[in-house]
Amino acid sequence: MDDIWTSNLKDTVDSIKNNNNVYTTGKVVKVNEYNVEVTGLNDVTFYEEVNITEKASGYVFGIYSDRVIVALVNIKEEIKPGDMVYALRKEFKCLFSLDSVGKVIDVFGNDLIAGKRFDNLVELKVENPPLPLMDRGLVKREMLTGITGIDLIYPIGKGQRQLIIGDKKTGKTQICLDTIVNQKDKNVLCIYVALGKTKKEVKDIYYELTRRGAASYTIIIASFHDELPTRTYLTPYVALSIAESFMLQTYDVLVCIDDLKKHADIYRQISLASKKTPGRDAYPSDIFYTHSRMLEKGCQHRNGGSITILPIVETKGGDITDYISTNIISICDGQIVLSSKNFTKGEKPAIDYGLSVSRLGGNVQDDNMKKVGSKVRIELLSYLDVRQIYELANIDEMSEDLQRRLREGKVILDNLKQYKFSPKTKKEMIDSYKFLTEKNAK
Amino acid sequence: MVVGKIISIFDISIEVILNSDTVKIGDILTVQDNREYSFEVVTINNVSATCISLGSTRGLQKGASVIKLSEGIEFEYSDNILGRVFDAYGNPIDSMKFNSVNKKNINNNTVTLKEVDVNADILWTGIKVIDFFAPLQKGFRMGLLGGAGVGKTVLIKELIHNVYASINAHAVFVGVGERSREGKELYEEMKESNLLDKMSIVFGGMGDNPVSRSKSVYSGLTMAEYLRDEKKKDVLLFVDNIYRFVQAKSEIATELKQLLIENGYPSDMSNDISKIEERISSTENGSITSFQAIYIPADDYNDEAVQIITSYMDGQIVLDRKIAELGLYPAIDVFKSTSKLIDIEKIGERHFKLVEEVLRYLTRYKELEEIIAILGIEELSEEDKRIFYRSRKLRYYFSQPMFVAEAYTNIPGQFVKIEDILIDVENILNGVYDNVDESKFLFIGKYHE
């Protein structure tokens, strides 16, 4: 090892003597799984892009008095101690091509289906500073999913962040896909971010969206578990950076992030590897900030553009009160909770209407939808409560009022059932609840 | 004057090697050639200072020369705060012109035991469940506890609507680690209803770095203190949400590689909380009544931070996910919600006895629910059936349409007087409404004519 230190010192002295210090340079002294420790790089900046000869690239992740930690995002060849490191004198950025629409891409300029690099690439910052408060507008335009239980009862607005949360196999991804497909001819750019999904799943989603004609306005950004964890960690930030650049040009963008629990786990892995003190459930203390600053990108811009985010979180045993879930619930503007019990009962989409919330609610609906929606919601919740209590009671002995509530409640619930990819229009939704609203008018 | 050079950068934690002994803890340093970056000094030894960055450190260069900017974060301390919106460091963010008259360090303040004032009038909120179970008086610190997404922010907004709009007080709103969307909405709503002129707002949003989030609390307190001490006003202080302050402190402690206690909280957490809560006190100059939303992480009511914060509260309102699930808003857990005013000498015998009776009914109701799940409702005795049906009415009665939630619920808000609440509750308990269907009590104001 002595050799490295001596030769490194010699190199530095030489380059100062020759005055040819084009790049600040350094040498690898320790190689970890996805970061390396480097000596030299004496005036490097935080988050600067760095190349390790031709073998790998990454960015400055930490600067200490005697060494620099470089997080790797790309490894072509095995790195060895002693390899030269060049700082590129610019901020680490990701690459994006405007030809990405309809393709499956990563955030380093590759078309994953064609297996080649795009030609016309632009550089994008991984993260931009938060949008100034006064540049934000109010969220009040609807983003229709075509699903009655959402559009009518827990509506989503353009610029809203609505979490989709539930166990495995409850139809979380399906709600995103339904929503994307329902944006056809509505001038919305959709970005589907697949984090830690299997390659098979991503390809299925790609074919499904292409077959339903959604590819012409959808970008799929994928990062897989067999890649460097830093790549997966960065991917959703870059996806939102892409969305932001479109929003600033007044586009409406929909971003689905599938899923953030995996992202949290990957960030935990990286944090523990860099020796950060673990907190609750071994997640680092800044796990909330990791997601809050990401999801804060979702907003209505006052110029007219917007970013709507549908993050997904996978739970275990239907428990939405674990650490990561509650963190993300508290960041979002509402949540659609999916229950595996409803799913197996055939009540699809398997929305748990009691636990789901929209913090914007009627604000994003038109007057008709609002009127019908709030009525349906109150009647439905009261039915679900009453149904439980009178499950064993004799129906003939009940009061007239109660019998009516039980009867109508059942119809309300039945009308919410919907098969996948069979969107309803607002009129169809309102019409199916005429019996409630018309009776009220009398 | 250059005081040192940067030698280490790791996220928001920065080390500066010093060449001057003029640097003290709490000082604000900045980079000589680029004032975008600034840092607060946290610890010093004779060769170096460890600092936390007030903003992002991306692009910050190793070896950059550092100069001293000020002796700590300073916040406007004049009438110019009225009707304005600031970031945590005292910069206006409402894109209007701003003239600074007088500034004050946000850290240096405390209230002595001699100054603290404890006598005050009752303050009615018009929210049935609060006025009945957890009434408050001027100068109270009220905690609004709840897990994620059970309605803390809506309740805070309703309190702003009902209390601030109806009494002639000044108000300070502190947004700590909450949504920017809601901040913008609050600003627009206050502006529209012409309530902004007596209100000052500070935000450290959830997209901002932890230093900004933690400092916003100190900044908000400085504004409240100005209104109390200089203008001699009664002040309403709304904090949404104080847990995020502790959370931000944990993030900073981690970055500074301090040793942490359970769940990653900093070891000096209780000290930090005490310092800010004790500043929220009434003196003979004026009162500060505070409403502090407290987030319950992972729905864990026994969380260390939550427990420490609530020990400073004079009253608490606890929101419960199980009640929210039934659509009964505000989703308050009446068993855990109480205040220091629930005392026979303070609210009078009638109110006190009614609270006791209602709690007795609802406790029995909980037990009966379990029995019914197994045996069905028909198996209950007549007495239990009465308790069961009346309790359901009470449960529905304590839901309330809120002014600020009209857009979600499509039902106009209601302000309910305490006398009306007492009459209604008395009538339900005495069986006057036994023949009325329970759904008639859902989302109403007062029931009796």
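Colleague: Which residue is the bridge partner of L145(B) in β16(B)?
Modeller: The partner of L145(B) in β16(B) is I294(B). Before we go on, this is a predicted model, where local features need pLDDT of at least 70, side-chain atom pairs count only at pLDDT 80 or more, and totals for chains, interfaces and linings use all residues. Residues are numbered from 1 along each chain as its sequence is written, chains are lettered from A and ligands numbered from 1 in the order in which they are written, and side-chain values use heavy atoms, without hydrogens and water.

Colleague: What makes β12 and β16 of chain B a pair?
Modeller: Two strands pair if DSSP finds at least two bridges between them. Strand β12 (residues 141-146) and strand β16 (residues 288-295) of chain B have six bridges, in the parallel sense, so they pair by that rule. Strands here are DSSP runs (E, at least two residues) and helices are runs of H or I, at least four residues, numbered from the N terminus.

Colleague: Why are β8 and β18 of chain B called edge strands?
Modeller: Because β8 (85-87) and β18 (338-339) of chain B each pair on one side only. They belong to an open sheet of eight strands with mixed pairing, in the order β8-β14-β13-β15-β16-β12-β17-β18 (chain B).

Colleague: How do you know that domain 1 and domain 2 of chain B are in contact?
Modeller: Contact means heavy atoms within 4.5 Å. By that rule, 14 residues from domain 1 of chain B and 10 residues from domain 2 of chain B take part. The buried area, meaning the accessible area (1.4 Å probe) that two parts lose on being put together, summed over both, is about 920 Å² for these domains, with 63% from carbon and sulfur atoms. On the domain 1 side, I12(B), I52(B) and L54(B) lose the most area, together 49% of what that side buries.

Colleague: What makes E40(B) and K215(B) a salt bridge?
Modeller: The rule asks for a side-chain nitrogen of Lys or Arg within 4 Å of a carboxyl oxygen of Asp or Glu. The closest N and O atoms of E40(B) and K215(B) are 3.0 Å apart, so the pair qualifies. The rule finds one salt bridge across the interface of domain 1 and domain 2 of chain B.

Colleague: How many salt bridges are there between chain A and chain B?
Modeller: The count is 11. For E438(B) and R405(A), the closest N and O atoms are 3.7 Å apart, so this pair also meets the rule.

Colleague: Which helix gives the most to the side of chain A that touches chain B?
Modeller: That is α10(A), with 10 residues.

Colleague: How much area do chain A and chain B bury between them?
Modeller: About 6500 Å², 55% of it on carbon and sulfur atoms. F46(A), M134(A) and R280(A) supply 12% of the area that chain A buries against chain B, more than any other three residues. In contact are 73 residues of chain A and 80 residues of chain B.
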